[in-house]
Each structure stands twice: as C-alpha cells, then as structure tokens.
Amino acid sequence: MKNRNPAGTVSILLFLGYMFLPILATYIFSVAVRWDRSILPEGLTLDWYRTAFQDRWFLIVFTHSITLSAATVLTSVVLIVPTAYWVHLRLPRALPLLNLISTLPFAIPAVVLALGLIKLYGQGPLQLARTPPMLVLAYVIFTLPFMYRPVASSLEAVDVRRLTEAAQSLGASWPRTLVQVILPNIMPGILSGGLLVFATVFGEFTLATLLVGARFKTFPMQLVYYTRRDGRIASAYSVISFTVAWVTSLVILWVATWGTRRGAGRDVKGELASKQASVGGTV
Amino acid sequence: MSYLELDGLVKTYGEVDAVSDFNLVVDKGEFISLLGPSGCGKTTTLRIIAGFETPNRGTVRLDGEDITEVPPHHRGMGMVFQSYALFPNMTAWGNVAFGLRVSKQSASQINQRVVELLDLVGLGDASQKYPAELSGGQQQRVALARALAIEPKVLLLDEPLSALDAVVRVSLRQEIRRIQSQLGITTVYVTHDQEEALSISDRVVVMRRAEIEQIGTPIEIYTSPKTQFVATFIGTTTRFEAVVDDGRAGRVRAGDVELVVGRDLSPEFGEGERVNVFVRPEAIRIAQAGEPVQADNILPATLESVTLLGPVIRLSLTCHGLPLVADVNTNERSRFARGEDVLVCFQASACRVMREQES
C-alpha cells in the first residue's frame with residue numbers, strides 16, 4: 001500500500017473527526033475548570049462530577065432511567081421475539097408486512113407518537129396516560145426497529161422451521177421448543193437488540209418529557225436541566241451516560257460469552273463488539 | 001400385519017395437487033422407500049405421516065388408531081432431515097439426549113441411552129462435539145441417533161443422504177439399513193435416488209405427479225415395471241417405439257426391425273397399435289459379427305461409443321438408425337472398438353411391452 005490515495009485518507013480523517021471530536025470535547029469539558037475564553041482549558045478539576053453525584057436528584061433520575069430501560073427491553077423481548085418467531089415459522093407470507101410495520105416508528109416523530117398516545121389512553125378504564133408504564137409501552141413502539149431487525153436476521157440465519165420440526169418430532173411442545181431450541185440460537189440477535197433498546201431508552205428525552213414530564217424525572221431530563229445552568233455539569237452527566245452504555249454493553253457481552261457455549265458464543269462476541277461502536281453515538 | 005396405514009390421502013396447495021389419493025399399508029418393521037422426481041409428492045406424504053401437514057382428505061392410522069389429527073409432538077415418530085437440523089447450541093450428546101429429557105427420564109437412564117446410541121452410529125468419542133465441529137456425515141449420524149433415542153414408533157427419513165458426498169452416501173445408507181434391521185424399526189424413507197431406494201428397501205413406492213405409479217419389492221420394480229414412467233425412471237433402458245405386427249405371435253415392428261417379445265399381445269393391444277418395448281442394457285449380449293449365436297432377437301448394430309462405468313462398460317449402439325444401450329463386463333472391453341459392426345442379442349423374455357403413457 002505505497003500509493004495511498006490522499007483523498008481517501010482525508011475523508012476518513014474528516015469522518016473520524018466528525019464522529020469523535022464532540023465526544024472528546026465533552027470529556028474534556030467535563031473536567032475543565034473553565035473552557036470558554038481560552039483555546040485550552042484553564043486547569044482540570046473533578047468538581048463537576050462531585051456536583052453531579054451530590055445532586056439529590058442524581059440517584060433518583062439514574063434509577064428511573066435504568067428501570068425504564070430494563071423494563072422496555074424486557075417488554076420488547078417478550079412481545080417481539082415470540083411474534084417474530086411465529087411469523088417466520090407459520091406466516092412467512094406476512095413477513096413483508098411485519099418488516100414494514102417494524103420500520104414505521106422511524107417515520108413517526110416522537111411528538112406525534114406522544115400526542116396520539118395521550119389522546120388514546122387519556123380516557124377509558126386503563127388511565128395509563130402520563131404514567132411510567134405507559135412510557136415503557138411507548139418506548140417499546142419507539143424502539144421496535146432496534147429489537148425487531150437483529151432478532152429477524154438471527155431467525156433468518158438459523159433454519160427455524162427445520163429446528164422446530166426436529167424438536168417437535170422428539171416430543172417437545174411449542175413453549176419448550178421456543179425456550180430450549182430457538183431462543184439459544186437467536187440469542188445474538190436478542191442481545192444486540194436489547195443493547196440498542198437499552199441505550200436508546202436510557203438517553204431518550206422527547207417522549208419522556210411529553211408523556212410524563214417532571215412527575216417522573218429521567219436522567220436525560222436532568223442533563224437538559226443542567227445544560228441550561230452549567231454546561232460543565234451537563235458534560236459530566238453526558239460522560240456518565242456514555243459510561244452506562246459501555247458498561248451495559250460489556251455486561252451483556254460477558255453474560256453472552258459466559259451463557260452461550262463455544263460456537264454460538266463466539267458469534268455473539270463478534271456481533272456485539274461491532275454493535276458497541278454504534279451505540280456510543282446514540283447516547 | 002398392518003402397522004402404519006395411509007388411506008386415501010389427499011393434499012392440495014391452492015390449485016396444485018401435492019398428493020392425490022395415496023394408499024399404502026406398511027407392516028411392522030418394514031423398510032419402505034418413497035421414490036420419485038422432485039415435486040412428486042413424496043416429501044408431502046412423509047410430512048403428513050409426521051404430522052407437519054394435515055391432509056385435506058384421508059386418514060393416517062398407526063397400529064389401528066387414527067392419528068390424522070394428532071399433533072407431531074405426540075406422535076412419537078423420529079424424523080431425520082436432509083439438512084440434519086441438529087440443534088447448534090447443543091453437543092452431539094445434548095442433541096441425542098433432547099428427546100429423552102422431554103420424556104423426563106432419569107439422568108442415569110439418559111446418559112446410558114445416549115452413550116449406547118452414539119456407539120451404535122459409530123460416534124462414541126464425538127459426544128462432546130458441537131454440530132459445527134462435525135462433518136456432514138457425522139452430523140447425519142447424530143441426527144439418526146437423536147431420532148432413534150426416543151424409540152420412535154416409525155422412523156421417517158427425508159432425503160437424509162442428499163447433502164452428502166458419494167462415498168459417505170453409500171456407507172451411511174448401508175449403516176441405516178443395518179441399524180434399522182437390528183432394531184426392527186418401521187421406516188419410511190424418502191429419496192429421489194433410485195439406486196438408494198432399490199438397495200435398502202423392503203418395498204419401494206414409485207411416485208409421479210402426486211400419484212403412486214407402482215408399489216413393489218425392489219426386484220419387482222426393476223424387472224417388472226408396470227408403467228412406462230417406472231421403466232424409464234428406474235435404471236437405464238432402451239426404448240423401441242414400435243407397432244404391433246402380429247399380436248398373437250408376440251411380434252412387433254420398430255422401424256425396419258422385427259422384434260419377438262415372447263407373449264401373446266392380442267388381449268391387450270390391437271393389430272397396428274403403437275407400443276413401447278423396453279429392454280434393460282444388462283439383458284443384451286453383444287456378439288462379434290459372424291459369431292454363431294442363439295437368441296430370440298438378433299440384430300445387426302454399429303458400435304457408436306464405449307463408456308467406462310466401473311464394473312461394466314456401457315455401449316451405445318445404433319441398429320437400423322435406432323439407438324440402443326448395452327452393458328458388458330469391463331473385463332471384456334478389449335473386444336469392443338468404436339465403429340465396429342456387431343450383433344445385438346436378447347431374449348424375448350427381456351422385452352417389456354407397454355402402451356405409450358402421456359408425459
């Protein structure tokens with residue numbers, strides 16, 4: 001590779017700068033004494049982290065967001081995995097429809113979704129409107145593509161139909177087939193889907209504000225609150241948010257390689273490692 | 001002693017008949033092959049037996065009991081698939097143990113049985129390997145052991161050897177037959193490979209276009225095909241398009257060639273009716289021109305090509321413009337050279353006369 005094309009190198013550097021400079025700046029800003037009237041920060045400090053952690057809201061919003069994320073991932077898996085399995089197995093002709101539905105959330109702005117949900121669930125016996133459970137349900141819709149896509153491609157990668165028939169001929173019922181045969185083989189998809197959903201929900205602001213607002217403060221709400229008061233504390237919050245995403249990735253990765261055995265485990269590792277990079281940016 | 005009875009099975013997909021009026025009675029311990037070209041309905045029939053498809057009409061009976069509506073996981077039929085369909089997340093041991101765990105046997109029972117079965121298929125030392133670490137042939141052995149583990153009432157095999165290479169295919173099919181006889185297990189085997197079907201079955205069901213063409217022992221199917229399709233689909237054969245010349249005397253005429261077919265054709269065919277006469281290549285003897293020979297049919301022919309098939313060489317000949325194939329022992333190859341004029345000899349009893357079947 002002697003004659004590198006300089007245009008190529010430049011475009012790669014531009015891309016990397018575009019992606020990583022803001023993150024780098026956030027990190028530096030979160031430990032800078034002041035960084036608004038000089039090229040380099042005027043000294044380094046951990047005061048902003050101390051302020052962030054000492055805030056009496058910190059633990060509350062952190063717990064709220066973790067709970068929301070976990071609840072969304074769980075609901076999403078329980079709803080989407082069996083559905084996707086069944087459609088792949090029994091209604092392959094409905095697949096195009098399911099694929100279309102699963103991309104719809106991309107096309108619907110969060111504001112529209114929020115207004116629709118409030119209007120629909122505002123009356124009636126359930127009275128779910130403006131409660132955290134409703135926010136979870138809204139998040140399941142909002143993150144549907146993130147869960148469905150990886151699960152669907154995992155289902156396509158293994159011969160779901162043959163495996164199911166093999167299990168049935170050995171006497172296994174539907175639930176048993178799903179849990180013991182199908183789930184372990186599509187685990188990479190569920191894990192990467194879960195990771196994307198978790199990270200997305202943890203950093204989501206619009207829906208949370210519109211649907212429940214100050215009654216159930218989330219981590220990003222607190223972050224936004226600080227951007228209006230002190231950008232350095234807000235930066236510290238951002239860095240913590242990044243860290244949560246990374247830690248969740250690592251935990252899932254660790255669980256995956258420990259839980260699934262050899263052959264399958266290796267695949268999970270590779271797939272997740274590539275997913276991690278993309279997740280960093282969404283939070 | 002009828003064990004598995006298929007009675008008037010019909011399965012249609014929209015307008016297309018996959019199986020139409022399939023009737024078969026299988027005895028306990030019998031090895032039955034469903035043989036036919038792709039799309040003939042053999043796999044659909046097998047899937048109906050397994051319970052993966054519900055027939056539009058007809059019944060499946062097992063040991064006298066109607067099981068047409070019984071779901072597959074309550075049928076107790078072991079199935080082996082072309083694509084092996086091993087569970088990738090389990091070792092060979094885990095795959096074989098799966099069905100035993102479902103039936104809640106004790107751990108020691110399971111372990112004993114799994115070890116026994118893996119030994120039976122010759123994979124005793126591969127029990128801790130995952131499917132991805134096994135060759136195709138080994139995977140199919142594990143799949144066979146897995147299906148046998150549940151002591152199935154019927155063993156169903158759907159083109160189990162089609163994905164394997166030739167050498168493995170032959171050895172594994174002999175092994176399937178050995179294990180089947182040893183365990184005395186009733187088996188239905190689907191294949192499109194006629195050699196496979198003929199070599200391992202007790203009886204062969206030849207299918208074409210959703211229908212049964214013929215049911216018989218391999219030797220019946222090979223030597224006494226009932227239809228033109230069976231005659232041409234099974235093995236190689238020479239076809240003479242002929243007209244009945246003298247039905248009572250069993251004489252037909254194919255172009256310029258007069259053939260003696262050795263039976264009275266008059267009850268079945270009228271004078272001048274178009275018929276096909278089939279002769280197997282191994283029924284033909286080749287003699288040097290001028291050599292004294294005795295046979296019902298002796299035709300002068302020219303040798304067009306010589307192809308080595310292994311134990312035999314296949315000779316393509318023309319006789320008054322009609323193509324002919326004959327097999328001779330490879331030891332005799334030096335006697336034959338391309339372009340040579342020879343005599344084609346075969347007995348009248350080697351001729352199968354059949355009415356033209358629409359294709």
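Let's start with a sheet in chain B: six of its strands make an open sheet with mixed pairing, running in the order β6-β7-β8-β3-β9-β10. Bear in mind that this is a predicted model.

- Going from one strand to the next, the twist averages 15°.
- Strands of a sheet pair through backbone hydrogen bonds, and they can do so parallel or antiparallel.
- In chain B, strand β7 (residues 154-158) and strand β8 (residues 187-191) run parallel, with four bridges joining them.
- To find one of the residue pairs, look at L155(B), whose bridge partner in β8(B) is T187(B).
- There's a helix here too: α4 (residues 136-149) of chain B lies across β6 and β7 of chain B. Relative to β6(B), helix α4 of chain B runs at about 170°.

**Where chains A and B touch**
- Chain B puts 21 residues into the contact, and chain A puts in 21 residues as well.
- On the side of chain B that touches chain A, β6 (77-80) and α2 (92-102) of chain B supply at least two residues each.

**R314(B)**
- You'll find R314(B) in strand β17 of chain B, which covers residues 312-319.
- R314(B) has 15 other C-beta atoms within 10 Å, so R314(B) comes out as partly exposed.
- Leaving aside residues up to four places away in sequence, R314(B) touches P281(B), T307(B), L309(B), V325(B) and D327(B).
- D296(B) is 18 residues from R314(B) along the chain, and their C-alpha atoms are separated by 22 Å.

**K119(A)**
- Over in chain A, K119(A) belongs to helix α5, residues 110-121.
- Is K119(A) buried or exposed? K119(A) counts as exposed, because it has 10 C-beta neighbours inside 10 Å, and the cut-off for exposed is 12 or fewer.
- K119(A) and A129(A) are ten residues apart in sequence, and in space they are 8.4 Å apart, C-alpha to C-alpha.

Technical notes
Residues numbered from 1 in each chain as written. Chains lettered and ligands numbered in written order. Predicted model: local features only at pLDDT ≥ 70, side-chain atom pairs only at ≥ 80, totals over all residues. Contact = placed C-beta atoms within 7 Å. Buried ≥ 20, exposed ≤ 12 C-beta atoms within 10 Å, placed from the backbone. Pairing = 2+ DSSP bridges. Axes fitted to C-alpha atoms, helices over the stretch in contact; angles between N-to-C directions.
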